[in-house]
Amino acid sequence: MADMEAVIWDLGGTLLNTYPDVDRALAAVISAEPGESLLQEVAQLTRRSSGEAISTLARRYDLPEHDLRTAYDGTKARWADRPPPVMDGAREVLAAVRATGGLNLVATHRERDSAEALLASLSLAVDDLVCAPDGFARKPDPAMVRALLERHRLEPGECLAVGDRPADVAAARAAGVRGVLLRTPGVALDAGDAEQIDHLPELLTLPDR
């Protein structure tokens, strides 16, 4: 990762460990005391898309989507006072990028107010942020990645994008950026031949390409 002009980060599930809260909230709508198998089932869905998880679970368990959406929104609201933890190694890698003169940029599906509040509450400093609700197509569309490249006059081949979903990697590739998938333990995702890591500090020793 040496001398990268920028790293384009996903937010939830990549810089912030949001999934445990989301998975528990959705599973609790299905069962008051969700077991490990149910949590695993929910996790497999949320790693693709929270919206897809809500609609799929509603059909699968004959539940109103509204109930699942309310649980999801309630989790996000609680983060205003009790934000999710920073992902292990995130601060280390952010600092390393900054130390070499690179930019830390974020492309997220989250609403801007929510994203900015989470970053501020956890004292995570980034150089720029684009959010799908600001008018950008959601990943795997490359619109957010391209917007950051254009805004900062970056060469795609000199940047790296990191996310926890195959859509993050697909968006990066479509914009000509090297994409890396951060795996979730125990959750198998089809990301094709994408580079994959288990822990963020592995980014610091990625071979050049």
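Leaving aside its neighbours within four places in sequence, with which residues is Val86 in contact?

1. Val86 touches Leu15, Leu16, Arg91, Leu122 and Leu124, its neighbours within four places in sequence being left aside; contact here means heavy atoms within 4.5 Å. Val86 belongs to the loop between helix 4 (65-78) and helix 5 (90-99). Helices (H or I, at least four residues) and strands (E, at least two) are DSSP runs, numbered from the N terminus. Val86 is buried, at a relative accessible area of 16%; buried means under 20% relative accessible area, exposed over 50%, and partly exposed in between (1.4 Å probe, protein chains only). Its C-alpha atom is separated by 8.8 Å from that of Thr14, 72 residues apart along the chain.

2. On the basis of the note: this is a predicted model, in which local features need pLDDT of at least 70 and side-chain atom pairs count only at pLDDT 80 or more, while totals for chains, interfaces and linings use all residues. Residues are numbered from 1 along each chain as its sequence is written, and side-chain values use heavy atoms, with hydrogens and water left out.

3. The open sheet consists of six strands in the order 3-2-1-4-5-6, with parallel pairing; two strands pair if DSSP finds at least two bridges between them. Its edges are strand 3 (128-131) and strand 6 (195-197), each of which pairs on one side only. From one strand to the next, the twist averages 25°. Strand 2 (residues 103-108) is joined to strand 3 by four bridges, and Leu105 stands opposite Asp128 in strand 3.

4. Helix 7 (residues 143-151) lies across strand 1 (6-9), strand 2, strand 3 and strand 4, at about 145° to strand 3. Such angles run from 0 to 180 degrees between N-to-C directions, the axes being lines fitted to C-alpha atoms, for helices over the stretch in contact. Met144, Val145, Ala147, Leu148 and Leu149 are buried in helix 7; their cover includes strand 1, strand 2, strand 3, strand 4 and helix 8. In helix 8, the buried residues include Ala167, Val169 and Ala171, and helix 7, strand 4 and strand 5 (178-182) are among the elements that cover the buried residues there.

5. Arg165 is found in the loop between strand 4 (159-163) and helix 8 (166-174). Arg165 is buried but has no salt bridge, and the nearest side chain of opposite charge, Asp164, is 4.0 Å away. Lys and Arg count as positive and Asp and Glu as negative; His and the chain ends are not counted. A salt bridge is a side-chain nitrogen of Lys or Arg within 4 Å of a carboxyl oxygen of Asp or Glu. The side chain of Arg165 does make a polar contact of 2.8 Å with that of Tyr19 (a pair of N or O atoms within 3.5 Å; within protein, one must be able to donate a hydrogen and the other to accept it, and residues adjacent in sequence count only if both atoms are side-chain atoms).

6. The whole structure contains 13 salt bridges. One of them joins Arg47 to Asp23, with the closest N and O atoms 2.8 Å apart. This pair links distant parts of the chain, Arg47 in the loop between helix 2 (36-46) and helix 3 (50-61) and Asp23 in helix 1 (residues 19-30). Arg47 is buried at 5% relative accessible area, and Asp23 is buried at 6%.
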